[in-house]
Amino acid sequence: MSALLPDFRTVAYSRTTLTELMIPSYANFGGKIHGGILLSLMDKVAYTCAAKHAGNYCVTVTVDGVNFLQPVEVGELVSLMASINYVGRTSLLVGIKVIAENVKTGVVKHTNTSYFTMVSKADDDKPTQVPGLVLETRNQVRRYLEAIKRKEMKAQYANQFNNAKSNLTIEQELYKLDGERCQIGFEL
């Protein structure tokens with residue numbers, strides 16, 4: 001059983017940076033680092049950050065905003081900086097900024113920012129409450145408020161999409177396939 005946790009922890013308490021050298025075995029046929037390698041590293045740093053704040057094992061529930069802005073090259077140092085942006089009752093939103101640095105040239109590039117929602121699990125594998133979050137800077141307050149807005153917008157989108165999906169009829173929407181790169185290979 002987990003020890004009793006303090007009611008609140010600061011963002012700094014669990015802030016985590018993971019830096020790793022990108023080696024040739026991480027590359028795809030184009031010589032760039034596989035997106036899956038970067039996703040795995042992001043999941044690792046999200047887990048570390050969330051587990052430290054929660055004081056428990058945490059699992060990934062959703063991943064938002066994985067847009068690869070720039071490629072990562074073999075030989076670059078990739079740093080993944082993670083911090084808790086928001087906490088719910090059992091969930092934590094971990095913001096991750098990924099940068100790649102060419103140590104020869106000193107060029108640093110921002111490759112992506114992502115948001116991982118993690119859930120804290122107790123020893124019985126059930127979701128368990130996490131400590132609250134102490135916001136010590138305006139930037140931390142902004143990130144917390146952005147997380148609330150992201151959560152609201154995600155719920156609105158899911159609701160709108162589910163409504164649109166349940167009202168979708170092939171016959172009424174078939175015209176949208178005009179000009180698309182598809183063929184219907186059966187009788188409608």
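The text below covers the sheet, then the helices, then the salt bridges.

The model is predicted. Its open sheet has 5 strands in the order S2-S4-S5-S6-S3, and the pairing is antiparallel. Strands S2 (16-21) and S3 (57-64) stand at the edges; each has a single partner strand, so one side of each lacks a neighbour in the sheet. From one strand to the next the twist averages 30 degrees. Within the sheet, 11 bridges join S5 (residues 91-101) to S6 (residues 108-121) in the antiparallel sense. Leu92 has Met118 of S6 as its bridge partner.

Helix H2 (residues 35-54) packs on the sheet and touches S2, S3, S4 (77-87), S5 and S6. The direction of H2 makes about 40 degrees with that of S4. Helix H3 (residues 138-166) lies across S3, S4, S5 and S6, and runs at about 80 degrees to S4.

There are 7 salt bridges in the structure, including those in the table.

| Salt bridge | N to O distance |
|---|---|
| Lys154 and Asp64 | 2.9 Å |
| Lys121 and Asp125 | 3.8 Å |
| Arg142 and Glu146 | 2.7 Å |

Lys154 in helix H3 and Asp64 in strand S3 are 90 residues apart, and their pair links distant parts of the chain. Lys154 is partly exposed, at 37% relative accessibility. Glu146 and Arg142 both belong to helix H3 and are 4 residues apart, so about one helical turn separates them. Glu146 is partly exposed at 33% relative accessible area, and Arg142 is partly exposed at 38%. Lys121 counts as buried because its relative accessibility is 16%, under the 20% cut-off, whereas Asp125 is partly exposed at 49%.

Methods. Residues are numbered from 1 along each chain as its sequence is written. This is a predicted model: local features need pLDDT of at least 70, side-chain atom pairs count only at pLDDT 80 or more; totals for chains, interfaces and linings use all residues. Side-chain values use heavy atoms; hydrogens and water are left out. Two strands pair if DSSP finds at least two bridges between them. Helices (H or I, at least four residues) and strands (E, at least two) are DSSP runs, numbered from the N terminus. Axes are lines fitted to C-alpha atoms, for helices over the stretch in contact, and angles run from 0 to 180 degrees between N-to-C directions. Contact means heavy atoms within 4.5 Å. A salt bridge is a side-chain nitrogen of Lys or Arg within 4 Å of a carboxyl oxygen of Asp or Glu. Buried means under 20% relative accessible area, exposed over 50%, partly exposed in between (1.4 Å probe, protein chains only).
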